[in-house]
Amino acid sequence: MVSLRINNIPVTVPAGSTVLEAARSAGFNIPSLCFLKDINEIGACRICVVEVKGAKTLVASCVYPVSEGMEVFTNTERVRRSRQLTLELILSNHRMDCLTCSRNSQCELRQLASDLGIDAVRYANDNMPPQIEASAPHLVRDNSKCVLCRRCTAVCRNVQEVGVIGPNDRGFSTHIGCAFDRDLSEVDCVSCGQCIVACPTGALSEKDDTGKVLAALADPKKHVVVGPAPSIRVTLGECFGMPIGTNVQGKMVTALRRLGFDKVFDVDTAADFTILEEGTEFLNRLREEEPLPLITSCSPGWIRYMEQHAPDMLRNVSSCKSPQQMFGSLVKTYYAEQAGIDPHDIYVVSIMPCTAKKYEVLREEQRLPNGCMPVDVSLTTRELGRMITQAGLLFDHLPDEEFDPLLGVSTGAATIFGASGGVMEAALRTVVEELTGKGMAPLEYHEVRGMEGIKEASYELPGRTVKVCVASGLHNVKLVLDGMRDGSLHYDFVEFMACPGGCINGGGQPIQHADVRNFTDIKALRAAALYRQDEGMPYRRSHDNPVVQTVYRDFLGHPGSHKAHSLLHCSYIK
Ligand code: HC1
Ligand code: SF4
């Protein structure tokens with residue numbers, strides 16, 4: 001431990017802490033801009049400067065380590081002037097359309113200007129035009145609002161190991177973009193959106209598809225059906241200022257109904273189908289000695305990564321469509337038949353924590369035998385939050401309602417899909433019971449829970465040991481892939497999710513200020529809310545879902561049937 005004084009307050013912190021962390025534990029917030037803990041620790045923006053007794057210059061507190069007896073001052077005249085001047089210079093190169101900016105109330109730059117007492121912009125650049133790049137289906141970049149903090153490039157390079165964006169040119173011309181300023185749609189971006197949630201300003205945002213949904217809702221010829229992903233129910237509340245990890249399932253259903261959707265179904269129901277189909281595929285591979293490991297296919301960011309960087313793994317990837325796509329497939333076949341509606345008149349909207357889902361809905365191999373694409377539009381959690389606000393719905397006043405039951409009953413297994421390890425645990429709940437017999441299998445598999453990037457477990461099952469692995473974040477996925485390729489790692493079943501922590505931390509989730517992200521494990525809080533919901537559910541194994549049983553009996557036949565394959569599976573082409 002190290003003892004020091006911050007603004008004359010004694011504090012003792014672990015060795016290796018930064019001054020910024022030590023100040024926090026002494027009760028002082030130091031403003032910052034480029035700092036994102038464990039992702040971007042470069043001390044470049046100079047907003048977090050402090051005075052250290054004996055040091056010649058102000059130091060960047062986010063990277064400056066504490067030392068025994070150090071004396072730090074975080075709020076002197078010199079410190080305040082330096083921060084203000086730095087921020088004014090950043091603002092001089094920033095297009096100020098704050099009133100109409102997509103980040104508006106959540107912009108960290110706007111917040112900083114207020115916190116640092118900037119009440120006039122001395123060096124305003126009034127003629128700065130927008131610099132829009134919108135070639136990809138999931139993302140819009142406007143470099144006229146970029147502050148060159150490098151948070152997006154750090155997450156893309158270090159956390160995702162994709163590295164398709166970086167600084168171009170030098171000096172005053174420096175700007176963030178792809179190599180040779182190519183469009184994002186021309187490079188190997190996996191659409192994960194992690195750069196968007198890392199961005200402190202409106203320079204990066206999801207492509208807004210709410211207009212398409214509003215048009216469909218206003219079209220009397222369209223029957224508009226919606227389904228939210230597992231994680232949305234524990235994150236949507238953050239759009240309305242609720243604590244991280246609040247479960248708002250009932251209010252979310254009511255809000256969707258009041259927005260005018262004709263049916264409010266649940267993607268969780270489709271996740272239960274995924275488990276039956278993927279579980280059957282795994283058991284078939286085990287029994288028939290087909291290639292193992294089986295690798296999950298729900299995360300479109302991972303699928304895109306596999307196609308670009310690991311096409312040799314294609315035969316290991318499950319042929320199951322993702323729950324989003326199984327949802328749309330069941331709505332435009334089973335539900336259409338039940339309701340007597342032409343599937344071409346049904347408009348399916350999914351609510352997803354993920355920007356890559358906007359890309360997944362466009363993939364041609366997803367098309368159904370009836371000619372329809374399963375899902376018409378995929379909205380992020382943030383877009384749904386905006387639709388609710390713009391419709392004037394007072395979210396926290398809404399009563400709790402239930403999903404429409406035809407495709408709206410689900411299990412605890414489906415709920416936990418939204419956290420890293422959840423798909424694996426859900427699959428084990430079904431597969432292990434199938435192999436050991438009813439009532440003989442454990443319900444919970446804690447070994448695959450938690451926010452570590454890579455988790456492993458092995459289970460002794462009748463006749464053989466099954467080894468599983470769960471990895472989230474593409475850097476971790478790459479480590480596991482490398483090990484499997486060089487023969488040092490052997491697994492039977494693998495869950496890969498592109499985003500660190502899984503969908504609860506997807507690129508479409510509500511954006512939390514760096515001050516919150518740097519000091520709170522938001523992934524763990526969101527995941528804990530899913531596990532709490534799972535504990536209280538009447539059905540906790542996917543095969544116990546009565547809707548799943550009915551649909552197989554009356555429509556699909558059995559898991560893995562020819563009909564199930566034609567509707568719920570696909571072949572990735574590369
Ligand atoms: Fe996910 Fe999935 S869990 S991929 O993480 O398999 O996006 O929440 O909807 O499709 O169900 C995301 C979440 C989501 C799919 C499911
Ligand atoms: Fe990189 Fe993901 Fe952003 Fe694409 S969406 S630029 S892969 S962080």
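Start inside the protein: the largest cavity has a volume of about 250 Å³. A cavity here is a set of points, on a 1 Å grid over the protein atoms alone, where a 1.4 Å probe fits but cannot get out, and lining residues have an atom within 4 Å of a point. Grid points are joined across faces, edges and corners, and a volume is the space filled by probe spheres set on the points.

Before you go on, keep in mind that this is a predicted model, in which local features need pLDDT of at least 70 and side-chain atom pairs count only at pLDDT 80 or more, while totals for chains, interfaces and linings use all residues. Residues are numbered from 1 along each chain as its sequence is written, chains are lettered from A and ligands numbered from 1 in the order in which they are written, and side-chain values use heavy atoms, with hydrogens and water left out.

**Stop 1**

Select C298, P353, K357, M497 and C503, which lie closest to the centre of the largest cavity among its 25 lining residues. Then colour α9 (300-309), α10 (323-339) and α11 (356-360), the elements that give two or more residues to this lining. Helices (H or I, at least four residues) and strands (E, at least two) are DSSP runs, numbered from the N terminus. The lining divides into 16 nonpolar, eight polar and one charged. In these classes, Ala, Val, Leu, Ile, Met, Phe, Trp, Tyr, Cys and Pro count as nonpolar, Asp, Glu, Lys and Arg as charged, and the others, Gly among them, as polar.

How many cavities of 30 Å³ or more are there? The count comes to five.

**Stop 1: the pockets**

A pocket is an open set of points with protein on both sides within 12 Å along at least five of seven lines. The largest pocket holds about 610 Å³ of space. Pick out K37, D38, I39, R517 and K523, which lie nearest its centre among 25 lining residues. α4 (151-159), α15 (474-485) and α17 (522-535) each give two or more residues to this lining, and the largest share, three residues, comes from α4. Its classes are eight nonpolar, 11 polar and six charged.

Move to the second largest pocket, with a volume of about 500 Å³. N93, C146, V147, L148 and T174 are the closest to its centre, out of 22 lining residues. α2 (77-91) and β9 (175-177) each supply at least two, and α2 gives the most, with three.

**Stop 2**

**Stop 3: an open sheet**

Finish with four strands in the order β13-β18-β17-β16, with mixed pairing; two strands pair if DSSP finds at least two bridges between them. β13 (294-295) and β16 (454-461) are the edge strands, each with a single partner, so one side of each has no neighbour in the sheet. β16 runs antiparallel to β17 (464-472), and eight bridges join them. Select A457 and you will find V468 of β17 opposite.
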